[in-house]
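Subject: Structure for you to look through

Hello,

Here is the structure I promised to pass on. Please open it beside this email and follow along.

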Amino acid sequence: MASASSTVTTTSTPQSQTQSQPPPVPTILASCHSSNTSTPIPTPTASKPACATCPTHLLKSLKRDGYIHIPALLDPVQIFSLRKAASQVVNLARSGKWPYIRTVPKQFPPWSSTPPPDSEGGIWGIQHLLHPEMPGRKEFAKLYFGNAIIGVVKELLGLNLYDPRSEDKIVMELLNLLISPSGNKDFELRWHRDDIRWETDAEEEKRQLDEKSPGGRQAHAQYNIALYDDESLIVVPESHRRVRTEEERNADPYAPELKDMKVVKMKAGDAVFYDSNIVHRGVYKGVDLEKGEVGRMTLHGSVGLYDHSEERAKNVLQHGLRDWVDREDAPFNELQGKCRARAEGMRMRLVEMGNVEDLGYSLEG
């Protein structure tokens, strides 16, 4: 197992220490958290770049390794509020009162709307945290459209953080919740890339990698944010820019070890942003609900570049967003000011993106 790490240590500062303040955030990036509207974007590159197209520290790390671990992206108050909202959603979904779920043992969409019995593992994920009927939607929306996420996203997409016009270039995508299966039933995802089929031959694999991640940069930023300590994500660093090795190609789909693989160990409040076509898998430890065990509770989301490609539309819309994103109750009226303006702009770009024919599913199984 590789010992190298792509952790960005400069974002984490012990509470007992003081931290020098980077330059103020532009007005257009006012925080969605009304109690803390002056908080700068918590990234290690908050200082104004020398030029609009200069690669940042975060983007360089993502291009090189395929993932970035950012400690303490969320503060304790955010963690507390999100845990409360997430717990309510988990209880709702496990009781069969929320139809948008990921069911054990199926890895990819479409999933059943009925949870399997706890004795069979139940569910391992909950979809559509930004749905207008979602309890706790306001808390999830404040996070999704807030500076902590959008600041990092813009850097990884190569946008100028200080240019107000960059707000028009990002589009709302996905926000889901990944949880531990019930009934003490462990569950594992097989090794995969998110939108390149595993059976693809080497020549076609290289073509798709070059097309979907030109120069190592994608048209979207994908992330996990842990609400409790989490060691479920396993990646193979640098595999996002190369075809699979013979060992990887011939390995068991659930092989517990691959050369150079890295277990991403996150504390509550940590985030990992990663290239969706890095070779990776997830390992879920089952919990005993009768004993009050919580296990994994990790937010899984993405933000995209607007009007990029039909391929990206397929990756997003296969999860069923087109069914609700343009409903009359879909606007984020619970948000305020510039945060609401950002959310509505991003949502309406997704509405426009959804005006295409059914594009099917990226992966199967």
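Two rings of Phe, Tyr or Trp count as a pair if their centres lie within 6.5 Å, with the six-membered ring used for Trp. Planes under 30 degrees apart are called stacked, those over 60 edge-to-face, and the rest tilted. This is a predicted model. It holds eight aromatic pairs.

**The aromatic cluster**

Start with Trp111 and Trp124. Their ring centres are 6.1 Å apart and the planes stand at 80°, so this pair is edge-to-face. Trp111 lies in the loop between β2 and β3, while Trp124 belongs to strand β3 itself, so the pair ties together parts 13 residues apart in sequence. Both residues are buried.

Now go from Trp124 to Phe187. Here the centres are 5.4 Å apart and the planes are at 45°, so the pair is tilted. Trp124 is in strand β3 and Phe187 in strand β5, so this pair ties together parts that are 63 residues apart in sequence. Buried means under 20% relative accessible area. Trp124 has 2%, so it is buried. Phe187 has 6%, so it is buried too. Ring pairs link Trp111, Trp124, Phe187 and Tyr284 into a cluster.

**A residue beside the tryptophans**

Thr103 sits in strand β2, residues 101-103. It is buried, with a relative accessible area of 6%. Its contacts beyond four places in sequence include Trp111 and Trp124. Pro115, Pro116 and Ile123 are also among them.

**The sheet**

Which strands form the open sheet, and in what order? The order is β5-β10-β7-β8, with antiparallel pairing. β5 (187-188) and β8 (262-263) stand at the edges with a single partner strand each, so one side of each has no neighbour in the sheet. Two bridges join β5 to β10, residues 280-284. In β10, Val283 is the bridge partner of Glu188.

**Charges over rings**

There are two arginines to find. The charged end of Arg83 sits over the ring of Tyr228, 3.9 Å from the ring centre. That of Arg244 sits over the ring of Trp198, 4.3 Å from the centre.

Last, look at α8, residues 337-353. This helix has 17 residues and reaches 25 Å from first C-alpha to last, close to the expected 24 Å. Its buried residues include Cys339, Met346, Leu350 and Met353. Arg342, Arg347 and Arg349 are buried as well.

Best wishes

Note on methods: Residues numbered from 1 in each chain as written. Predicted model: local features only at pLDDT ≥ 70, side-chain atom pairs only at ≥ 80, totals over all residues. Heavy atoms only, no water. Helix = DSSP H or I, 4+ residues; strand = E, 2+ residues; numbered from the N terminus. Buried < 20%, exposed > 50% of the residue type's maximum accessible area, 1.4 Å probe, protein only. Contact = heavy atoms within 4.5 Å. Expected span 1.5 Å × (residues − 1). Pairing = 2+ DSSP bridges. Lys NZ or Arg CZ within 6 Å of the ring centre and 35° of its normal.
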